[in-house]
Amino acid sequence: MSLNSRYGNKGYIFTLDISVAMFIVIIVLLSSFLLITRSNEDSYSFLQHVKIGDDLFTSLDINGKLDSLNKATIGSNIENILPSNFNYTFKLECENKISQKGTFPQGSIIGSERLVVTDNLDFCIVRYWIWPK
Amino acid sequence: MYKKAQVNTIDLIIAVSLFFVLILSFILIWDNYAKKLDEKVKYDNIAEKAIKITDVLVNTHGIPDDWETDSENVQIIGLTSNARIVSDNKLEEFVNLDYNFIKQNFNIEAFDFYLKVVDSNNKIIQIDDDNVEIGIKPSLDSEDVITIQRIIARGGTEVVLEFTLWK
């Protein structure tokens with residue numbers, strides 16, 4: 001007589017039950033873990049990068065420091081004031097000239113743009129990326 | 001019947017053991033997540049306040065517009081005179097305000113803050129020989145500390161306003 005026919009399958013019911021329960025609980029825990037990990041991404045840190053980029057190019061524009069359209073000059077002005085814990089890159093696109101400093105980084109960084117009117121009435125768009133070092 | 005009952009008992013013991021291991025793991029993980037969530041809520045709260053305060057400081061004139069002429073009746077403190085250009089008069093008046101009055105105005109009575117304005121050499125700027133800084137610096141023991149840096153235009157140059165909110 002085999003074990004199955006002698007004892008039937010009833011003996012396994014608790015193990016099966018706990019296995020199913022564990023499976024469900026583990027799925028719930030994993031889902032919670034993923035959701036909490038996602039919610040832990042620091043949205044305010046990203047907001048700080050957006051704001052400091054906006055501040056930087058607004059201030060430079062107000063002070064006429066984008067008017068030269070020269071990437072070295074603009075880069076120097078940026079490095080002069082941007083806190084040392086940030087990296088940057090920018091691309092200034094005007095009708096007849098494009099100035100670009102650095103390469104556009106890949107990954108989860110934030111870029112933004114601003115319309116700039118120079119002293120010579122050039123209409124340009126500056127696109128910039130600011131991210132922590 | 002006797003042997004069958006034995007099998008069920010062993011199975012029950014295994015099942016109950018697994019159950020307790022699972023419950024224990026669940027409690028530990030839950031506790032860990034609850035702590036993380038609590039920290040995040042506290043950090044978000046302080047970060048949101050700091051960002052909103054610096055937004056008002058660097059983007060608005062304040063209410064009334066010329067509050068620096070009668071700083072005792074200021075309703076909202078803003079530091080700019082024109083669009084995004086900081087006013088020296090407002091800065092000077094701001095750092096002379098009472099620390100607790102500013103905390104009350106910013107609605108951050110439960111926190112402490114430190115604000116300074118630095119130039120491109122990271123030196124605190126001066127207006128009429130007075131450093132533009134106000135507040136209490138956080139200590140190494142301070143738990144929740146956030147510093148927001150904002151760049152503002154000032155007289156043809158750019159300066160960095162650093163606002164630290166801590167508890």
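1. Buried area is the accessible area, taken with a 1.4 Å probe, that two parts lose on being put together, summed over both. Between chain B and chain A this area is about 3500 Å², and carbon and sulfur atoms give 63% of it. Tyr33(B), Ile151(B) and Glu158(B) supply 19% of the area that chain B buries against chain A, more than any other three residues.

2. A note on the basis of these values. This is a predicted model, in which local features need pLDDT of at least 70 and side-chain atom pairs count only at pLDDT 80 or more, while totals for chains, interfaces and linings use all residues. Residues are numbered from 1 along each chain as its sequence is written, chains are lettered from A and ligands numbered from 1 in the order in which they are written, and side-chain values use heavy atoms, with hydrogens and water left out.

3. The contact (heavy atoms within 4.5 Å) takes 38 residues from chain B and 39 residues from chain A. Across the interface of chain B and chain A there are 5 salt bridges, a salt bridge being a side-chain nitrogen of Lys or Arg within 4 Å of a carboxyl oxygen of Asp or Glu. Asp55(B) forms a salt bridge with Lys51(A), with the closest N and O atoms 3.0 Å apart. The elements that give two or more residues to the side of chain B that touches chain A are helix H1 (2-59), strand E9 (145-154) and strand E10 (157-166) of chain B. H1(B) provides the largest share of that side, 21 residues. Helices (H or I, at least four residues) and strands (E, at least two) are DSSP runs numbered from the N terminus.

4. Polar contacts were also counted across the interface of chain B and chain A, giving 9 residue pairs, both residues at pLDDT 80 or more. A polar contact is a pair of N or O atoms within 3.5 Å; within protein, one must be able to donate a hydrogen and the other to accept it, and residues adjacent in sequence count only if both atoms are side-chain atoms.

5. Chain A has 4 helices and 4 strands, running α-α-α-α-β-β-β-β from the N terminus on. Of its 133 residues, 33% are buried; buried means under 20% relative accessible area, exposed over 50% and partly exposed in between (1.4 Å probe, protein chains only). Among contacts in chain A between residues at least 6 apart in sequence, 56% join residues at least 24 apart.

6. Over all chains there are 10 aromatic pairs. Rings of Phe, Tyr and Trp (its six-membered ring) pair if their centres lie within 6.5 Å; planes under 30 degrees apart count as stacked, over 60 as edge-to-face and the rest as tilted. Phe57(A) and Tyr128(A) are a stacked pair, 4.4 Å centre to centre with 10° between the planes. Phe57(A) lies in helix H3 (residues 43-62) of chain A and Tyr128(A) in strand E4 (residues 123-132) of chain A, so the pair ties together parts that are 71 residues apart in sequence. Phe57(A) is buried at 0% relative accessible area, and Tyr128(A) is buried at 3%.

7. His49(A) also lies in helix H3 of chain A and is buried, with a relative accessible area of 9%. Not counting residues up to four places away in sequence, His49(A) touches Phe86(A), Ile130(A) and Pro132(A).

8. In chain B, ring pairs link Phe94(B), Tyr99(B), Phe106(B), Phe113(B) and Phe163(B) into a cluster. Ile102(B), in helix H3 (residues 99-106) of chain B, is buried with a relative accessible area of 0%. Leaving aside neighbours within four places in sequence, Ile102(B) is in contact with Ile77(B), Phe94(B), Leu97(B), Phe113(B) and Ile134(B).

9. Some backbone points in chain B deserve a look. The peptide bond from Ile63(B) to Pro64(B) is cis, with omega near -5°, and Pro64(B) lies in the loop between strand E1 (62-63) and strand E2 (76-77) of chain B. Asp128(B), a residue other than glycine, has a positive phi near 50°; Asp129(B), not a glycine either, has a positive phi of about 65°. Asp128(B) is in the loop between strand E6 (126-127) and strand E7 (130-131) of chain B, and Asp129(B) is in the loop between E6 and E7 of chain B. Asp128(B) is exposed at 58% relative accessible area, and Asp129(B) is exposed at 69%.
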